[in-house]
Structures are given as structure tokens and as C-alpha cells.
Amino acid sequence: MAEEENKTTPPPTTPPLPTTTTTTTTTKTIPARYDLDAKWDACLDLSIRRVVYSSLAGAFTGLLFFRSPTTRWASIAFGAGAGVGAAYTECSYLFDGSAPKWSPPPKEEK
């Protein structure tokens, strides 16, 4: 009995995957500064998020503070407009290549 406990079967082995040969082609990489596809993707993602989140914030604020449906819709429209404005500002910085925030001037060492 002790001999049977010591004997273990090896785990099943998986057959090796067939190797394929691939040819590598040299592709030019586009610098991030000129990659318009990535800029448009980032801009659309940013715009959708900002508009949706600010519209939801406007809807929550409208439900919390206003009783009239007209003022509630106005609150949602104001939130959406703020989101569009913020997204436009960030996208213009993204496409122009300038810094989105003001940075302090470098300190001069004496």
C-alpha cells in the first residue's frame, strides 16, 4: 500500500504549439505630436465624458433645488454647456500643442 501512495502519474503535457514564421516589416512610427488619430480619439473621449458627467451633475442639481421642469432642464443645459466648454478648451490645448495649465516661471539661481 505504501508503494502505491508514492507512485504518482506525471501531469499530462500539452503538445507544443506550432511555430509560425513572421516577416517583420519596418513601419514608421508617427511622433505623438503629429498623430491626429490619437488626438481625435482623446478629444472625443474627453468630450463625451465631460458632457455626460456635467449633464448628470446638472440633472442632480436640478432635482435637488428646482421644482419646475423648465428650470430643471435649464440646469441640465447649463451643465452640458459647461462640459462642452471645458472639453473644447482641453481639446484646443491638445491640438495646438501648448500646455493646458499655466506653469510658474522657472526660478533663477543666484
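## Close-up views of the helices

**View A. Ser75 has its place in helix H3, which covers residues 69–96.** The model is predicted; local features need pLDDT of at least 70 and side-chain atom pairs count only at pLDDT 80 or more, while totals for chains, interfaces and linings use all residues. Residues are numbered from 1 along each chain as its sequence is written, and side-chain values use heavy atoms, with hydrogens and water left out. Helices (H or I, at least four residues) and strands (E, at least two) are DSSP runs, numbered from the N terminus. Is Ser75 buried or exposed? Ser75 counts as buried because its relative accessibility is 11%; buried means under 20% relative accessible area, exposed over 50%, and partly exposed in between (1.4 Å probe, protein chains only). When residues up to four places away in sequence are not counted, Ser75 touches Gly58, Thr61, Gly62 and Phe66. Contact here means heavy atoms within 4.5 Å.

**View B. The protein chain has three helices and zero strands.** Read along the sequence, the chain shows the pattern α-α-α. Of its 110 residues, 12% are buried. Among the contacts between residues at least 6 apart in sequence, 60% join residues at least 24 apart.

**View C. Helix H2 (residues 36–65) packs with H3 at an angle of about 155 degrees.** The axes of H2 and H3 are 7 Å apart. Axes are lines fitted to C-alpha atoms, for helices over the stretch in contact, and angles run from 0 to 180 degrees between N-to-C directions. H2 and H3 are therefore roughly antiparallel to each other. Angles under 35 degrees count as roughly parallel, over 145 as roughly antiparallel, 65 to 115 as roughly perpendicular, and the rest as oblique. The crossing in which H2 passes H3 is right-handed; a crossing is right-handed if the near helix is turned clockwise from the far one by less than a right angle, and left-handed if anticlockwise. Sorted by class, the contact of H2 with H3 comprises 16 nonpolar, nine polar and four charged residues. Ala, Val, Leu, Ile, Met, Phe, Trp, Tyr, Cys and Pro count as nonpolar, Asp, Glu, Lys and Arg as charged, and the others, Gly among them, as polar.

**View D. Cys43 and Cys91 form a disulfide.** How many disulfides does the structure hold? The structure holds one, a disulfide being a pair of cysteine sulfur atoms within 2.5 Å. The sulfur atoms of Cys43 and Cys91 are 2.0 Å apart. The link of Cys43 and Cys91 is right-handed, with 115 degrees about the S-S bond. Cys43 lies in helix H2 and Cys91 in helix H3, so the pair ties together parts that are 48 residues apart in sequence. Both cysteines, Cys43 and Cys91, are buried.

**View E. Ala87 is a residue of helix H3.** With a relative accessible area of 3%, Ala87 is buried. Leaving aside neighbours within four places in sequence, Ala87 is in contact with Leu46, Ser47 and Arg50. From C-alpha to C-alpha, Ala87 and Leu46 are 6.3 Å apart in space, and the two residues are 41 residues apart in sequence.

**View F. Ala80 is found in helix H3, and Tyr53 in helix H2.** Ala80 is buried, with a relative accessible area of 19%, whereas Tyr53 counts as exposed at 55% relative accessibility. The C-alpha atoms of Tyr53 and Ala80 are separated by 8.3 Å, and these residues are 27 residues apart along the chain. Arg50 and Ala80 are 30 residues apart along the chain, with their C-alpha atoms separated by 8.1 Å. Which residues does Ala80 touch, not counting residues up to four places away in sequence? They are Val51, Ser54 and Ser55.

**View G. Leu94 belongs to helix H3.** Leu94 is partly exposed, its relative accessible area being 35%. Not counting residues up to four places away in sequence, Leu94 touches Lys39 and Ala42. Leu94 and Trp40 are 54 residues apart in sequence, and their distance in space is 9.3 Å, C-alpha to C-alpha.
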